[in-house]
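Me: I would like to learn how to read a structure of this kind feature by feature, with the general idea ahead of the particular case. Could we go through it together?

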Amino acid sequence: MATQTTPEIILYDLACTKNVCFSPVVWCTRLMLNYKQIPYKTIFLEFPDIEPTLKELGLAPNESGHKYTVPAIHHVPTDTHLMGSLPIAEFLESTYPDHPVPLTSEVGREIGTRARAAVGPVLTKSLMPREVHILPPRAQEYFRRTREAAIGRPLEALLDGDEEQKRWDAAADEVRALGELLLARKAEGGPFLLGDKPSYTDFFIAGSLQCARTVDEGVFERVVKFPGYKDIYDVCQPYMERKD
Ligand SMILES: N[C@@H](CCC(=O)N[C@@H](CS)C(=O)NCC(=O)O)C(=O)O
């Protein structure tokens, strides 16, 4: 959906064949832009084009992991370029203080840590062999080559036999416990984790689920069948309407 207003932000996002945002980290940035109603334009990059494009913009490489990653932004009014969902969130929060989004909180840190430990690995292993199918051809080749090198086997091997089901069974107690923590927060007021306004942790949960849903509805269902998750996802829906 094109915006009529002059964009203040150029958002560098990850391209897929559905032409919508699906990266969980880019969703965190996009949710902030949508929530704060900041005029922006999206440039979707295929995996192999991320590094040359962002290097050309003059961005310094990441110190660890992949050298160049999305999300990245260009803030047009100040000609500022930034890469990384957290530095971008801090920049947006200080530059656009209206509709504040609390970035850190004790409960947010706990949820983030537990989600990364309990849900992150099992979710990633279910998504990777499916994500490859929503990438354009050059990105498929890049993704398969880099991810298979990282896991040391073909992507499809992650779905061998009942391996996937066993991973979800092993994670179930902790996925349920985290969902109960989300529900407990809601019971204290809600409908968001910190009360009546969203926080960055709500966006992290909603963005991760939106990623799963875009890649594969069945994987999304594996998470939202546990109580707690869908409530956060649903309440963030208004800020996920714009996906491109
Ligand atoms: N810590 C970074 C992680 C960003 C990240 O890993 N992004 C992925 C897309 S989801 C990426 O750009 N990967 C580049 C590659 O695989 O070459 C952040 O939060 O922004």
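Reply: Let us begin with exposure, for which a residue is called buried if 20 or more other C-beta atoms lie within 10 Å of its own, exposed if 12 or fewer, and partly exposed in between. Please keep in mind throughout that this is a predicted model.

Me: Where is proline 39 found, and how does proline 39 count on that scale?

Reply: Proline 39 sits in the loop between H1 and S2, and because 13 C-beta neighbours fall inside 10 Å, proline 39 counts as partly exposed.

Me: What should I look for in strand S1?

Reply: As a general idea, side chains in a regular strand alternate between the two faces of the sheet. In this structure, strand S1 spans residues 9–14 and is mostly covered, with 5 of its 6 residues buried. S1 runs parallel to strand S2 (residues 40–45), to which 6 bridges join it, and leucine 14 has leucine 45 in S2 as its bridge partner.

Me: Which strand runs antiparallel to S1?

Reply: That is strand S3 (residues 72–75), joined to S1 by 4 bridges, where histidine 74 is the bridge partner of isoleucine 10.

Me: How should I read the packing of helices H4 and H7?

Reply: Two packed helices are described by the angle between their axes and the distance between the axes. Helix H4 (residues 106–131) and helix H7 (residues 200–215) pack at an angle of about 10°, and their axes are 11 Å apart. Angles under 35 degrees count as roughly parallel, and H4 and H7 are therefore roughly parallel to each other. Among the residues of H4 that take part in the meeting are Gly108, Ile111 and Leu127, while those of H7 include Tyr200, Phe204 and Val215.

Me: Which domains does UniProt list, over residues 22–94 and over residues 119–217?

Reply: In an unreviewed entry, UniProt lists residues 22–94 as "domain: GST N-terminal", and over these residues the chain is 45% helix and 19% strand, with the end C-alpha atoms 26 Å apart. For residues 119–217 the unreviewed UniProt entry gives "domain: Glutathione S-transferase UstS-like C-terminal", a span that is 71% helix and 0% strand, and whose end C-alpha atoms lie 16 Å apart.

Notes
Residues numbered from 1 in each chain as written. Predicted model: local features only at pLDDT ≥ 70, side-chain atom pairs only at ≥ 80, totals over all residues. Helix = DSSP H or I, 4+ residues; strand = E, 2+ residues; numbered from the N terminus. Pairing = 2+ DSSP bridges. UniProt positions renumbered as here; feature names shortened; annotations may be inferred. Axes fitted to C-alpha atoms, helices over the stretch in contact; angles between N-to-C directions. Parallel < 35°, antiparallel > 145°, perpendicular 65-115°, else oblique. Contact = placed C-beta atoms within 7 Å.
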